[in-house]
Amino acid sequence: MDIHYTNPVWQGDMPDPFVLKWEGQYYAFGTGGQKREANGNIFPVLRSNDLVHWQACGGALIPPPAELGDDFWAPEVAYDGGKFYLYYSIGKGLRHQLRVATSESPVGPYQDTGMPLVDPRIQPFCIDAHPFRDDDGQWYLFYARDFLDTEHGYHQGTALVMDRLATMTRLAGEETTVLRARHDWTLFEAQRSMPHYGITADWHTLEGPCVRKHAGRYYCFYSGSSFMTENYGVDYAISSSVRGPYTGEGSEARVLRRVQGKVRGPGHHSIVLGPDGRTEYIVYHAWDAQMQVRQMCIDRLLWTSEGPRCAGPSVDLQQIAL
């Protein structure tokens, strides 16, 4: 039996969707921005049995102290040792810090642990935390931060790093650079003013890391460019080790990119196993026609001879195998 659907699978605003599969249920978490849900908490949570039919479950995160900021981005959840851990960023403007909150339930409420994961005095802009568990049980955290140097031909901008999680709430302090921007398609904004760094520069962005191990190799997917532009999309790099080096990134977005006149800004995705226990799906956002909300969409992840690809972004009737 199959379930048929047409994107988007959620009509409301659900940017940066992360989907956790837990005990036969799917839980989707989205960027909250400055919005609080009906229960007064941050980050919208949806629940589903099949990745197609979703029910709103309120907000996940109990609001932390107001002095930390009022803009909440890109939650992702991991389960370990009987607890759920929600990784997210909070801040205001061009300053964001990574935090983690805990809960006994996948839907929350999640309580912030009280400390940043990365010292904001050293790295004033850290976003898009992605927890990844390797085969040996060790957890790592991939995330995005700013780089100002242009050594080896790299662009100034936001790019990807990773660190080992010493515990689920503390990084080991062994940061490794995963991927820097060097291709033109990842331009976020030409001559962007960055007053807190004292520079104006062509700013490039790699964000939204999502790691998947396949056939013995590590694939670090990421979104590039500005989510507001036509160039925004998803690409990847590959490594034989979780720590890298990661190579082979594309000169264009090879996994997800716009469909002219139909789909704008597809990206910042997660990957989840479907109800049949075999098929993998990319869960991503894309703009509605008026560019008012970023809606949640799903399409199959394909492993081809040329590398991972998405069977989308689709706009016609699709099906999910149960």
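This is a predicted model: local features need pLDDT of at least 70, side-chain atom pairs count only at pLDDT 80 or more; totals for chains, interfaces and linings use all residues.
Local features need pLDDT of at least 70 and side-chain atom pairs count only at pLDDT 80 or more, while totals for chains, interfaces and linings use all residues. Residues are numbered from 1 along each chain as its sequence is written, and side-chain values use heavy atoms, with hydrogens and water left out.

Start with a sheet. Strands here are DSSP runs of E with at least two residues, numbered from the N terminus. Two strands pair if DSSP finds at least two bridges between them. On that basis, 4 strands form an open antiparallel sheet in the order β6-β7-β8-β9. β6 (71-80) and β9 (111-112) each have a single partner strand, so one side of each is left without a neighbour in the sheet.

Now take the pairings in turn. β6 and β7 run antiparallel and are joined by 8 bridges. Within that pairing, tryptophan 73 has serine 89 of β7 as its bridge partner. The hairpin of β6 and β7 has 2 residues between the strands, and glycine 81 takes a positive phi near 60° there. β7 and β8 are joined by 9 bridges, again antiparallel. Glycine 91 stands opposite histidine 96 in β8. This hairpin too has 2 residues between the strands, and glycine 93 takes a positive phi near 60°. β8 (residues 95-103) connects to β9 through 2 bridges. Alanine 101 is the bridge partner of aspartate 112 in β9.

How enclosed is β7? Buried means under 20% relative accessible area, exposed means over 50%, and partly exposed lies in between (1.4 Å probe, protein chains only). 8 of the 10 residues of β7 are buried, so this strand is largely enclosed by the rest of the structure.

Next, the interior. In soluble globular proteins, nonpolar side chains tend to be buried together. A nonpolar core is defined here as a set of buried Ala, Val, Leu, Ile, Met, Phe, Trp, Tyr and Cys residues joined through side-chain atoms within 4.5 Å. The largest such core has 39 residues, and Tyr87, Leu141 and Phe142 touch the most other members. Eight named strands, β7 (83-92), β8, β10, β11, β12 (157-167), β14 (176-179), β16 (199-214) and β17 (217-224), each supply at least two of its residues. β11 gives the most, with 7 residues. Another core lies apart from this one; it has 19 residues, among them Phe43, Phe72, Tyr88 and Ile90.

Aromatic rings come next. Rings of Phe, Tyr and Trp (its six-membered ring) pair if their centres lie within 6.5 Å; planes under 30 degrees apart count as stacked, over 60 as edge-to-face and the rest as tilted. There are 18 such pairs. Tyrosine 79 and phenylalanine 84 have ring centres 4.8 Å apart and planes at 50°, so the pair is tilted. Tyrosine 79 is partly exposed at 31% relative accessibility, whereas phenylalanine 84 is buried at 2%. Phenylalanine 132 and phenylalanine 142 form an edge-to-face pair, with 6.5 Å centre to centre and 85° between the planes. Phenylalanine 132 lies in β10 (residues 126-133) and phenylalanine 142 in β11 (residues 139-147), so the pair ties together parts 10 residues apart in sequence. Both are buried.

Tryptophan 185 sits in the loop between β14 and β15 (187-194). Its relative accessibility is 9%, so tryptophan 185 counts as buried. Serine 251 is 66 residues away in sequence, yet 7.0 Å away in space, C-alpha to C-alpha. Contact means heavy atoms within 4.5 Å. Beyond four places in sequence, the contacts of tryptophan 185 include Tyr222, Asn231, Asp235 and Glu252. Its side chain also reaches the backbone oxygen of glycine 250 at 3.2 Å.

Finally, the backbone. The peptide bond from glycine 108 to proline 109 is cis, with omega near 10°. Proline 109 is in the loop between β8 and β9. Another cis peptide bond joins glycine 312 and proline 313, with omega about 10°. Aspartate 16 is not a glycine, but has a positive phi of about 55°. Aspartate 16 is buried at 10% relative accessibility. Methionine 291 also has a positive phi, near 55°. Methionine 291 is partly exposed, at 26%.

Note on methods
A polar contact is a pair of N or O atoms within 3.5 Å; within protein, one must be able to donate a hydrogen and the other to accept it, and residues adjacent in sequence count only if both atoms are side-chain atoms.
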